[in-house]
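Thanks for coming. I will walk through one structure today, with a few stops at single residues.

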Amino acid sequence: MNYNYLIVGSGLYGATIAQQAKKAGKSVLVIDKRPNVGGNIYTEKVEGINVHKYGAHIFHTNNKEVWDYVTSFVDFNRFTNSPVANYKGELYSMPFNMYTFNKMWGVVTPEEAAAKIEEQKKEITGEPKNLEEQAISLVGKDIFEKLIKGYTEKQWGRDCKDLPAFIIKRLPVRLTFDNNYFNALYQGIPVGGYTKMVANMLDDSSLSGSIEVRLGVDYLASSDAKEELDSQAEKVVYTGAIDAYFDYKLGNLEYRSVRFETETLDIPNFQGNAAVNYTDAKTPWTRIIEHKWFEFGKDEDGNDLPKTVISREYSSEWKPGDEPYYPVNDEKNGALYAQYKELADAERKVIFGGRLGEYKYYDMDAVVAAALDCAANNI
């Protein structure tokens, strides 16, 4: 045994466990099949801009312990998520607020907006049976048709009538002019990008333990490779897909995947906002991210950046070889995951954690909280 812990995956969950193990004086080997640390929060510098390579990641939390933890590795800026919705060239504020209602209906007061929503909600009686009914019961027919239906159906590849209501149970609706999408006490982006934060987590020289990182190592490449790696550590923390770990022997869990088309443009400003959602069904992408606005269009010295980088996001059904992003948390997949979890619980040496290891949609702060909790109970 060369190490106390083998950690498979250098994303937020794996990096947090590794840092906590090192803090406890343990020896850790972190492996990742990608050529870089950071998992899906990896940021890559292009033209001085920290590009969110695997989609936009905005850290937000009400958990002070988690906020204090992540900000101990890197400074965060004061970025506030205020996306814009583009419906066939009409621009609307997100989350749905008084700016949205004024543009949609010409209403001026919160009372008028509430009355309009109430009037449009009437067609839904009883408990909403699906996402479409849930959305109409929250914001009315017009907003559903223009700002929710097309976007959601592109994102999930399914009709809104075939999606469970709980997906948008917490749709933010505000009778104020507040454009802050996340109702969180703490919010921001690491100055210098997420890669810098993860690198600092894995390279904390003040701690007594040790962390070795090996990149380009595929844990599941072969049973021999896996066996050899397992033999090097007392305990394994696995953050990959749980069904892949068991070689899909009970069948494939379903995921949604995302494809990115990223380009560098020789202009200083493409859309004037970090995120613009395209909510009509005809536009093939779900949204366009303009990465420089996550850090206010400036480099780390505060200089304006002359170019810009944009990413168009296309949602698709996952197939083997694709990157799995969002678990499809419906009844069928929930039942299959429960079977895989039984197998996982029987693996005495292995801890399964994170979004893929637990087949669970996790916000970043919840990933960190779960990893800190896991470390506290197991290290």
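**A walk through the model**

The side chain of Thr 16 comes within 2.7 Å of the backbone oxygen of Leu 12. Please keep in mind that this is a predicted model.

Let me stay with that threonine. Thr 16 sits in helix H1, which covers residues 12-23. Is Thr 16 buried or exposed? Its relative accessibility is 0%, under the 20% cut-off, so Thr 16 counts as buried. What does Thr 16 touch, if we leave out residues up to four places away in sequence? The list is Tyr 69, Met 201, Val 368, Ala 371 and Leu 372.

Now the whole chain. The protein chain contains 12 helices and 16 strands. Of the 379 residues, 54% are buried. Take the contacts in the chain with a separation of 6 or more: residues 24 or more positions apart account for 73% of them.

Next, a pair of helices. Helix H3 is residues 98-105 and helix H6 is residues 141-156. They pack at an angle of about 100°, and their axes are 11 Å apart. An angle from 65 to 115 degrees counts as roughly perpendicular, and H3 and H6 are therefore roughly perpendicular to each other. Which residues meet there? From H3 we have Thr 100, Phe 101, Met 104 and Trp 105, and from H6 we have Asp 142, Ile 143, Lys 146 and Leu 147. Sorted by class, this contact has 5 nonpolar, 1 polar and 2 charged residues.

Moving on from H3, look at the loop between H3 and helix H4 (110-121), where Val 107 is placed. The relative accessible area of Val 107 is 9%, which is under 20%, so Val 107 is buried. Not counting residues up to four places away in sequence, Val 107 touches Phe 101, Asn 102, Glu 112 and Ala 113. Phe 101 is also one of the H3 residues that meet H6. For a sense of distance, the C-alpha atoms of Val 107 and Tyr 245 are separated by 54 Å, and these two residues are 138 apart along the chain.

Last, some backbone angles. Most residues other than glycine have a negative phi, and most peptide bonds are trans. Here are some exceptions.

Where is the cis peptide bond that I want to show? That bond runs from Met 94 to Pro 95, with omega near -5°. Pro 95 lies in the loop between strand E7 (90-93) and H3.

Then there is Glu 47, with phi near 55°, a positive value in a residue other than glycine. Glu 47 is in the loop between strand E3 (43-46) and strand E4 (49-52). With a relative accessible area of 42%, Glu 47 is partly exposed.

Lys 88 also has a positive phi, near 50°. The loop holding Lys 88 is between strand E6 (84-87) and E7. Is Lys 88 buried or exposed? At 63% relative accessibility, over the 50% cut-off, Lys 88 counts as exposed.

That is the end of the walk.

Terms used. Residues numbered from 1 in each chain as written. Predicted model: local features only at pLDDT ≥ 70, side-chain atom pairs only at ≥ 80, totals over all residues. Heavy atoms only, no water. Axes fitted to C-alpha atoms, helices over the stretch in contact; angles between N-to-C directions. Helix = DSSP H or I, 4+ residues; strand = E, 2+ residues; numbered from the N terminus. Parallel < 35°, antiparallel > 145°, perpendicular 65-115°, else oblique. Contact = heavy atoms within 4.5 Å. Nonpolar A, V, L, I, M, F, W, Y, C, P; charged D, E, K, R; others polar. Buried < 20%, exposed > 50% of the residue type's maximum accessible area, 1.4 Å probe, protein only. Polar contact = N/O pair within 3.5 Å; in protein donor to acceptor, adjacent residues only side chain to side chain.
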